[in-house]
Amino acid sequence: MTKWVYTFGDGAAEGGAGDRNLLGGKGANLAEMCSLGLPVPPGFTITTEVCNAYYANGRTYPEALEADVVAALDHIGRITGRRFGDPSKLLLVSVRSGARASMPGMMDTVLNLGLNDETVEALAADSGDARFAYDSYRRFIQMYSDVVMGLDHEVFEEILEDQKASLGHELDTELTAEEWQGVISLYKAKVEEELGKPFPQDPQEQLWGAIGAVFSSWMNSRAITYRRLHDIPESWGTAVNVQAMVFGNMGDTSATGVAFTRNPSTGDRQLYGEFLVNAQGEDVVAGIRTPQNITEAARIAAGSDKPSLQKVMPDAFQAFVDISDRLEKHYRDMQDLEFTIERGKLWMLQTRSGKRTAKAALKIAVEMAKDGLITKEEAVARIDPASLDQLLHPTVDPKAARDVIGMGLPASPGAATGEIVFSSTDAEDAKAQGRKVILVRIETSPEDIHGMHAAEGILTTRGGMTSHAAVVARGMGKPCVSGAGSLRVDYKAGTLISMGQTFRKGDVITIDGGNGQVLKGAVAMLQPELSGDFAAIMEWADAARRMKVRTNAETPLDARMARSFGAEGIGLCRTEHMFFEGDRIVAMREMILADTEKDRRAALDKLLPMQRSDFLELFEIMAGLPVTIRLLDPPLHEFLPKTEAELAEVASAMNVSADKLRQRTEALHEFNPMLGHRGCRLAVSYPEIAEMQARAIFEAAVEAGRKAGALVVPEIMVPLVGLVKELQYVKARIDAVAQSVMQETGTKIDYLTGTMIELPRAAIRAHVIAEAAEFFSFGTNDLTQTTFGISRDDAASFLETYRRKGIIEQDPFVSLDVDGVGELVRIAAEKGKTTRPAIKLGICGEHGGDPASIRFCEEVGLDYVSCSPYRVPIARLAAAQAAVAAAKSASKRA
């Protein structure tokens, strides 16, 4: 019989940290902390399997669940000496979500459940504090009405703000018990007015309403968006955690807070967090009140005049420090903790591996490895390769003039410049138009996640370092300044007011997430230098990986940047990108307009020295590392003008008639150029183009070799081969040019000739093509297009619909389609090796920088991946992780 509910409490638990898939991260860690003997309020977890059953069966629960929940409530009652729904022995509970992957703020929580008009009086009598009791009840009505009944929390905020104003109060904590009773009456009346039914008084009805709301929140829009952004499968589901309530709002000896065992922005080994006296957990992260620092050192550094937890509650603080150290050592990772202090007693409500910036992740992993807490391989595995993007963003140039218009908290590092927008919808619209924006909000909420993703950075006027904006921005690698209280945002007027200046939507500002500054206008930026902890992780990664990492580059700037990031050669030099500038495009157009081979060769003679110079510089930058140069690939019409105005301008500049230019453009027009006269088909039709390029390559290789005193071995790649005879024809021209250059220079040239595998036929006939090809480079961009029969440029209009409807899990142009395109790669690799066992295999599509695709490349046994320069560090780390994972898998099989 399936077990749907797992209990924990009083030093014992039915699950543990290893049951994350079943109990979710929160439930598994609550059970683990219980087993460690830590102070955890007793409770139970309804498993993720119930969530899946709930959706599979038309949002109904398994038959045995109700009885299991009743038994679990009795378990809590035995430990606490209380009974759920019984005013004489009042037990209140919290209901929280908990998926196996951390999804902060994405799903729903209900606190103080079990309160009603009768039990609130019992709570007042039991606690001896009527103000606390009615504060807890109003919180419950507000939270339950929002989460379960669908009445927006802002309705209640308006009532509360009006009441505080009429009573002359500024803070919630100033309201008396009687005043809270008045607020509660207004809340209940609003519920009945808006929803046509009274607020539920039955604790059992409340409990099942909250459980249903948590399961339903798994499919709310913000959770779906978060899963899409973080590649979390829908099938994982969420668990529900029900726990006995402990109260941080029981007066000045009570508090609630969140903390990290190390600084999540920098990785520094210091307790980092915030708390509020006389508050509940939602108050800390919601940004409604400004939280206080946990440690005295942090308070001093922040310049705060509000006392730290260390000063206010020294005993509870010391107990928390001891538990924090113990949990970090136990989990061997930086922990994100939630706690409540109820009348001086510390209770732990959560521990999980803390989200951190890439900079912090590197520092923490390196320090833990050096301390012997984890191995170097584990340190490498701890870093999310994609997170390294965070380190590659600009920072404000220290020499730049700074026109500071505001200060906030440095919530997420990096700097960003953009136009002001005040809504997430506007941020998304601007992103679609190619405009960079800063999302400016009073405070963000989970509903803003799509706008945060679209923005270059986030600025809020409320909230602390652990607010929603701060946590989500750090996870996304977006610069964020939070709690900039001197700024005033008016959504209706569409203005940001600071220091007497008014900024409107569309005005440009810069935020510096490193120091919390908000700057007027655009500010000069610096590219980061990667060293220290990054260098250590990369060194360990390079020692662990098998595959080489090359770059896709054709400009000296890109090539140098890639080398600085550790690229081990060029895997794809797109020669067509070299023809679009100045005199080159003129000569290229002369060649295209030529009516005879003689005239074409005359135009190509003008391009030869330009190409030779390009290749020479690349060979010199790569200093003996392999350089793979792809012969001209796109159709010729791409080099010709498109509009009538452009035609007239180009015709005049080239001293040819506009009619001739127009006729040639029309003659070259193709209905489907992706599958048209391009790649090796151009070289077959116009072999003189391939011959010019081959000569430029060989002459540059000879000159580079002479300068360096070492042999340069170029790799010449023939694109879009589908028939071995195509490759044989072009290769014969390349070989003939090589012989000529060797005779002319008296220098022997070593070189490789290979092809891109980007057509299904080439993959299927790879054993035959390998007779002429000395290497294969998988052009997975085109291979994906030709395998699926879809255009990458047009697929965006429906691929997201496919993903939303569960037809595909990932955009196949972002992450390799392993089952289809990947199978063709596997077939080609295996067949190629049957003909040529030592054939060199690589990948040079955009997938070469995608960690999931790199794992597949390791499985297939490719020799290298090639990616854009800024993704080289990502590929190095992902290749190392893939190699370690493959070795572990092989050892298990053995």
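**Entry 1**

I looked up arginine 59 and found a relative accessible area of 44%, so it is partly exposed (buried is under 20%, exposed over 50%, partly exposed in between, with a 1.4 Å probe and protein chains only). The model is predicted: local features need pLDDT of at least 70, side-chain atom pairs count only at pLDDT 80 or more, and totals for chains, interfaces and linings use all residues. Residues are numbered from 1 along each chain as its sequence is written, and side-chain values use heavy atoms, leaving out hydrogens and water.

Arginine 59 sits in the loop between helix H2 (48-56) and helix H3 (65-80) (helices are DSSP runs of H or I with at least four residues, strands are runs of E with at least two, numbered from the N terminus). Its phi is positive, about 60°, although it is not a glycine. Most residues other than glycine have a negative phi.

I then turned to arginine 332, in the loop between helix H13 (314-331) and strand E12 (335-342). Its phi is positive too, near 55°, and at 29% relative accessibility arginine 332 is partly exposed.

**Entry 2: glutamate 670**

I found glutamate 670 in the loop between helix H24 (658-668) and helix H25 (680-685). Which residues does glutamate 670 touch, not counting those up to four places away in sequence? They are Pro635, His637, Gly676 and His677 (contact means heavy atoms within 4.5 Å). A polar atom of the glutamate 670 side chain lies 2.6 Å from the backbone nitrogen of histidine 677.

**Entry 3: helix H34**

I noted that helix H34 (residues 872-893) has 22 residues. Its buried residues include Val872, Leu877 and Val884. Among the elements covering them are helix H15 (376-382) and strand E27 (548-552).

Technical notes. Expected span 1.5 Å × (residues − 1). Polar contact = N/O pair within 3.5 Å; in protein donor to acceptor, adjacent residues only side chain to side chain.
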